[in-house]
Amino acid sequence: MMALTHAIISTAGISLILTTNDPIHLALVIAGSQLPDLDTSTSAIGQILFPISNWIENRYPHRSITHSLIATVAIAVFASPLYFYADWKTWLCLPLGHLISCFSDVFTKQGVQLFWPHPAWCISVSNPHKRLQTGGTGEYWVLAIAIAVLAIALNLSSSGGPTAFVGNTLGLRVNAVDKYQQNSASNHVWAEISGTFATDSSRADGKYFLVAADGNEFIVSSQKGQIYKTGENIISDRLIVEVGKLASSSVQSLEFDEEEFSIVPIPNAAVFISGEVLVDDPELVKIGTDSKQFTVAKLTGDSLTFTYCPLEKAIALLKDQIISGSIEAKIFSPKP
């Protein structure tokens, strides 16, 4: 097969097997896929490493020693430092790229001596006319299919692998939570939700900003700033997580000891307040209710509890109050 065909088949295979699209991994796979043809000085790798290829070419038949399982094992041993200084995936890329390349040559007219030094040739198709010829029409069809598989494999690996891809496509909650946790510290994370409001079964379909994960459910904010909890306020049939623009997420703790509440909104940032404080005049605290929405503020006696309450609402509730207690401010910057 052509060097390009070997490279595409091997990268497609490894991207699927190891669920990776890491450039270093793919570069090692491509390098490994070219090593079998080191036994001929006319190949691309043979011309680059001519002294080595010329030495092998003068001593061994084409598609023998360098196309064998022994060569794969030797490459794995040679690449073993990668296991200790990088990780196991990086280590496997070079030998697996070589192995897949050798296996693909089994479908060609000549085949390979896969079990060298045993002289038997491994050929997949008994009819010589149905085997692939290097540079022939059949190989170009294989190349086209391999390119399509590679595109699918890279898409799947960027989604976390086939399982995560299917789970996210179906809106499975456990996959959504995993994706949120992996990205929420450095990106805005959104969810496309298909479902209904729990109170009246009206449609709640739309795009929501994910404020926090609560077990396998989410605290979400609509694009109008309304707060809901999935599984409680919104019964979702399908929830697909989407990673948005780069952002930072941080939590700031604040303590109050009989002092006036004083936090000013942070420019171009969304802030959500959680915690419990004691207020000196609870009669002035007027909490509006909306049965559809999540309860972000609850007054019990002189104790006011916040749960992911937007800062603007918290400021309005605590205006002119002397408070004691502690709260946490979850800050998203820039504002989603």
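**How α1 and α2 meet**

Analyst: Happy to! α1 passes α2 in a right-handed crossing. Please keep in mind that this is a predicted model. Helix α1 covers residues 3-18 and helix α2 covers residues 23-34; they pack at an angle of about 135°, and their axes are 8 Å apart. Because of that angle, α1 counts as oblique to α2.

Which residues make the contact between α1 and α2? From α1 come Ala3, His6, Ala7, Ser10, Thr11 and Ile14, while α2 brings Leu26, Val29, Ile30, Ser33 and Gln34. By kind, the residues of this contact are 6 nonpolar and 5 polar, with no charged ones.

Now for a look further along the chain. Tryptophan 116 sits in the loop between α7 (88-104) and α8 (137-158). Setting aside neighbours within four places in sequence, tryptophan 116 touches Tyr60, Ser64, Ile65, Ser68 and Ile70. Isoleucine 70 is 46 residues away from tryptophan 116 along the chain, yet their C-alpha atoms are separated by 7.3 Å.

There is also an open sheet of 5 strands, in the order β4-β3-β2-β1-β5, with antiparallel pairing. Its edge strands, β4 (227-229) and β5 (234-246), each pair on one side only. From one strand to the next, the twist averages 40°. Within this sheet, β1 (residues 187-197) and β2 (residues 206-214) pair in the antiparallel sense over 4 bridges. Glutamate 192, for instance, has lysine 207 in β2 as its bridge partner.

Note on methods. Residues numbered from 1 in each chain as written. Predicted model: local features only at pLDDT ≥ 70, side-chain atom pairs only at ≥ 80, totals over all residues. Heavy atoms only, no water. Helix = DSSP H or I, 4+ residues; strand = E, 2+ residues; numbered from the N terminus. Contact = heavy atoms within 4.5 Å. Axes fitted to C-alpha atoms, helices over the stretch in contact; angles between N-to-C directions. Parallel < 35°, antiparallel > 145°, perpendicular 65-115°, else oblique. Left-handed = near helix turned anticlockwise from the far one by under 90°. Nonpolar A, V, L, I, M, F, W, Y, C, P; charged D, E, K, R; others polar. Pairing = 2+ DSSP bridges.
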